[in-house]
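Let's take a walk through a protein model together, starting with some rings. Have the sequence and the 3D view open while you read.

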Number of protein chains: 2
Amino acid sequence: MEVKIVQNVMAANDLLAQELRVVFDSKNTFVINLLSSPGAGKTSLLEETIKRLKGDCHIAVIEGDIAGDHDARRIAALEIPVVQINTGGTCHLDARMVMSSLAELDLSGVDVLFIENVGNLVCPASFKLGENLRVVILSTPEGNDKVKKYPLAFRESQAAVINKTDLLPHVDFDLDQTRRDIRDINTQSEIFALSCKTGEGLDSWMNYLKGKVQGSAR
Amino acid sequence: MEVKIVQNVMAANDLLAQELRVVFDSKNTFVINLLSSPGAGKTSLLEETIKRLKGDCHIAVIEGDIAGDHDARRIAALEIPVVQINTGGTCHLDARMVMSSLAELDLSGVDVLFIENVGNLVCPASFKLGENLRVVILSTPEGNDKVKKYPLAFRESQAAVINKTDLLPHVDFDLDQTRRDIRDINTQSEIFALSCKTGEGLDSWMNYLKGKVQGSAR
């Protein structure tokens with residue numbers, strides 16, 4: 001009975017995610033859903049990506065948080081349109097929340113929409129938001145075992161970013177092992193190791209992302 | 001309607017948590033529920049705590065993970081009885097899972113039971129497990145804003161551990177600000193800053209914990 005309720009919730013979300021995708025396609029907006037644990041660096045990656053992308057195209061951002069608008073203010077400082085969704089306790093964004101937020105965000109002329117999910121490596125992986133690309137971010141201080149312990153986020157993402165490579169000398173983290181663990185779960189996953197702090201590795205990530213955005217443009 | 005279902009789930013969990021507490025009390029077992037994001041150091045804190053506590057009392061551990069038994073093997077290496085709960089996708093432990101796991105864990109003579117929750121700073125905070133003490137762990141690389149963004153875990157915990165102080169020279173983290181943010185949310189919270197890697201600060205944590213365990217002993 002409990003399972004059935006959960007299945008119904010997921011099916012309803014999937015349907016609404018399909019509707020969102022139709023809306024995004026009609027606006028020619030390429031949508032990227034960013035997932036990670038709290039503190040892995042979603043907002044930092046977003047800031048660095050926006051700085052490198054905003055000369056080429058029009059960007060907007062949806063920020064998902066349980067409470068507060070800390071991240072939205074960081075994005076607004078880059079002069080990018082941003083809408084904050086406060087989930088009020090819910091541990092993930094769902095398609096309904098994103099659909100509602102569009103009332104406050106005009107997508108006309110927006111080429112790329114980033115959706116920064118609630119900081120949680122578990123639940124957001126189950127909820128489609130109509131995105132074209134899902135990216136999971138893992139940071140080196142979180143440790144080596146995270147891919148095996150939280151496989152769904154890596155299985156359901158087309159790209160994985162390993163952030164905070166600047167901390168590699170100070171933490172126990174095996175980059176090669178983590179790459180192998182990701183590939184074991186998702187043979188198709190693109191993998192980027194980078195540091196938002198030093199800029200190391202950001203070029204490869206940006207080339208990939210620009211290719212995806214351009215490839216989708218009509 | 002959706003809210004009502006959620007309320008019923010929580011009420012059912014609270015009732016079962018009360019039953020768990022009766023079981024734990026009848027065995028004179030002091031129970032500690034450990035919460036954090038993935039990779040903040042729950043298992044490392046548990047290892048260091050067990051090494052310093054196992055001469056004084058009998059310890060057992062329940063490990064909660066979505067998948068795998070990586071952490072349970074780390075605990076078993078310390079020759080401590082450990083039961084692994086695999087939630088199979090669920091993002092938190094609930095009282096029913098803990099109750100079921102007791103069939104495989106004899107609490108007779110166990111003075112202290114640690115329950116390591118699924119790595120998630122959001123959902124586990126809503127589910128009581130019959131524990132005497134709830135401890136939330138935050139690590140310095142996660143950044144300064146986490147208390148304000150994930151307030152429930154800090155509000156509902158009697159103690160907060162700020163782990164990975166060894167990384168303070170390499171990350172942007174304001175220890176004093178974080179202490180203030182925790183106190184703003186929970187004036188009664190005990191706060192410990194420590195490093196499981198170097199051992200710095202572990203003495204204060206152990207003194208606190210031993211005081212709690214001894215204070216509860218009949």
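Over all chains, the structure holds six aromatic pairs. To count as a pair, rings of Phe, Tyr and Trp (its six-membered ring) need centres within 6.5 Å; planes under 30 degrees apart are called stacked, over 60 edge-to-face, and the rest tilted. Take F192(B) and Y208(B): their ring centres are 5.0 Å apart and their planes sit at 45°, so this pair is tilted. F192(B) belongs to strand β7 (residues 190–193) of chain B and Y208(B) to helix α8 (residues 202–216) of chain B, so the pair ties together parts that are 16 residues apart in sequence. Helices (H or I, at least four residues) and strands (E, at least two) are DSSP runs, numbered from the N terminus.

Are these two residues buried or exposed? Both F192(B) and Y208(B) are buried. Buried means under 20% relative accessible area, exposed means over 50%, and partly exposed is in between (1.4 Å probe, protein chains only).

Y208(B) also forms a tilted aromatic pair with W205(B). Here are the two pairs side by side.

| Pair | Centre to centre | Angle between planes |
|---|---|---|
| F192(B) and Y208(B) | 5.0 Å | 45° |
| W205(B) and Y208(B) | 6.2 Å | 35° |

W205(B) and Y208(B) are three residues apart in helix α8 of chain B, so about one helical turn separates them. An α-helix has 3.6 residues a turn, so residues three or four places apart point the same way. W205(B) is buried, and so is Y208(B). Over in chain A, ring pairs join F192(A), W205(A) and Y208(A) into a cluster.

**A word on the model**

This is a predicted model, where local features need pLDDT of at least 70 and side-chain atom pairs count only at pLDDT 80 or more, while totals for chains, interfaces and linings use all residues; side-chain values use heavy atoms, with hydrogens and water left out. Residues are numbered from 1 along each chain as its sequence is written, and chains are lettered from A and ligands numbered from 1 in the order in which they are written. Chain A has a mean pLDDT of 94, and 96% of its residues reach 70 or more; pLDDT is the predictor's confidence in each residue, from 0 to 100. The model's scores are ipTM 0.86 and pTM 0.91.

**Two copies, one interface**

How does chain A relate to chain B? Two copies of a chain are related by a rotation about an axis and a shift along it. The same surface serves both copies, as 100% of the contact residues of chain A recur in chain B.

At the interface, 30 residues of chain A are in contact with 30 residues of chain B, where contact means heavy atoms within 4.5 Å. Together the two chains bury about 2400 Å², 60% of it on carbon and sulfur atoms. Buried area is the accessible area (1.4 Å probe) that two parts lose on being put together, summed over both. P38(A), K149(A) and H170(A) supply 23% of the area that chain A buries against chain B, more than any other three residues.

Now look at K146(A), in helix α5 (residues 146–149) of chain A. K146(A) is buried, with a relative accessible area of 5%. Leaving aside neighbours within four places in sequence, K146(A) is in contact with L138(A), F154(A), P38(B) and G39(B).

**An enclosed helix**

Helix α2 (residues 42–53) of chain A has 12 residues, and at 1.5 Å a residue it should span 16 Å; its end C-alpha atoms are 16 Å apart, which agrees. The expected span is 1.5 Å times one less than the number of residues. Nine of the 12 residues of α2(A) are buried, so the helix is largely enclosed by the rest of the structure. Among the buried ones are L45(A), L46(A), E47(A) and I50(A).

E47(A) counts as buried at 16% relative accessibility. Not counting residues up to four places away in sequence, E47(A) touches R74(A), I75(A) and L78(A). E47(A) and R74(A) are 27 residues apart in sequence, and 7.9 Å apart in space, C-alpha to C-alpha.
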